[in-house]
Amino acid sequence: MLGRIAARRAELDLLEEELAKRLADVRVEGDELVVAERVVQRISEKGFGEYLSLAPAPPEAQVGGRSVLLIPARVGGLDAEALPPDYQRILAIVRDAVGPVKVKEVGAKLGLPVQVRGKLEPLRGKMTKLADRGWLRKRGDGRFTSAF
C-alpha cells in the first residue's frame with residue numbers, strides 16, 4: 001500500500017511541475033498580449049488605415065518608451081516600397097533567387113558573417129516577420145520563397 005501511495009505522490013509531483021511550467025508559459029504569453037494591445041492601440045490612434053493606403057514609409061509606434069518600427073501586412077495594392085530599406089533588400093534577394101533560400105544564403109548576400117550563427121538570428125527574425133505578414137513564404141524545411 002505504501003508503494004502505491006509513493007507512486008501516486010510521484011505522479012502528482014510530476015503533474016505539479018508540468019502545470020507550473022504551463023502556468024509560467026501562460027503568464028509570458030499574457031504579458032506579450034499586453035504589449036500587442038498597446039501596439040494595436042497606438043496604431044489605431046495614429047490612423048494605420050490611412051498608412052496602408054497612402055504612406056510610403058512605415059510608421060513607428062512607442063512601446064515601453066522605445067520606438068518600434070512596424071512592418072505592415074501585405075494587403076491590397078501595398079507594394080514593397082512600404083517596407084523599410086533593409087526589409088526591401090531581403091525581399092529582393094529572395095525574389096531573385098532561383099529557388100527556396102536559406103537564411104544563411106541571404107545573410108551571405110547581405111555581407112553578414114554567416115559562419116557566426118548568432119549573427120544570423122536577427123536576419124532570421126526579419127525573414128520570419130516578412131513571412132508572417134505575407135511578404136515571403138516560409139517552407140517546412142526552414143527555407144523561404146517569394147510570396148508573389
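1. Helices here are DSSP runs of H or I with at least four residues, strands are runs of E with at least two, and both are numbered from the N terminus. On that basis the protein has 5 helices and 4 strands. In sequence order they follow the pattern α-α-β-β-α-α-α-β-β.

2. A word on what you're looking at: this is a predicted model, where local features need pLDDT of at least 70, side-chain atom pairs count only at pLDDT 80 or more, and totals for chains, interfaces and linings use all residues. Residues are numbered from 1 along each chain as its sequence is written, and side-chain values use heavy atoms, with hydrogens and water left out.

3. Now the overall numbers. Buried means under 20% relative accessible area, exposed means over 50%, and partly exposed is in between (1.4 Å probe, protein chains only). Of the 148 residues, 24% count as buried. The protein exposes about 10300 Å², and carbon and sulfur atoms supply 55% of that; accessible areas come from the Shrake-Rupley method with a 1.4 Å probe, and for residues only the protein chains shown count as cover. For contacts (heavy atoms within 4.5 Å), residues 24 or more positions apart account for 40% of those with a separation of 6 or more.

4. Have a look at helix H5 (residues 117-132), starting with its packing against H4 (residues 103-110): the axes are 10 Å apart and the angle is about 110 degrees. That makes H4 roughly perpendicular to H5, a label for angles of 65 to 115 degrees (under 35 is roughly parallel, over 145 roughly antiparallel, the rest oblique). Axes are lines fitted to C-alpha atoms, for helices over the stretch in contact, with angles running from 0 to 180 degrees between N-to-C directions. On the H4 side the contact uses Val-103, Lys-104, Val-106, Gly-107 and Leu-110, while H5 brings Leu-120, Leu-123, Arg-124 and Met-127.

5. H5 also meets H3 (residues 85-96), with axes that come within 11 Å and cross at roughly 80 degrees. So H3 is roughly perpendicular to H5 as well. Here Asp-86, Tyr-87, Ile-90 and Val-94 of H3 touch Leu-123, Lys-126, Met-127, Lys-129 and Leu-130 of H5.

6. On to the charged pairs. A salt bridge is a side-chain nitrogen of Lys or Arg within 4 Å of a carboxyl oxygen of Asp or Glu, and the whole structure has 6 of them.

7. Glu-11 is partly exposed at 46%, and Arg-8 is partly exposed at 46%.

8. Further along, Asp-141 bridges to Arg-143 with the closest N and O atoms 3.8 Å apart. Shared partners join Arg-139, Asp-141 and Arg-143 into one salt-bridge network. Asp-141 is partly exposed at 46%, and Arg-143 is partly exposed at 27%.

9. Ile-5 sits in H1.
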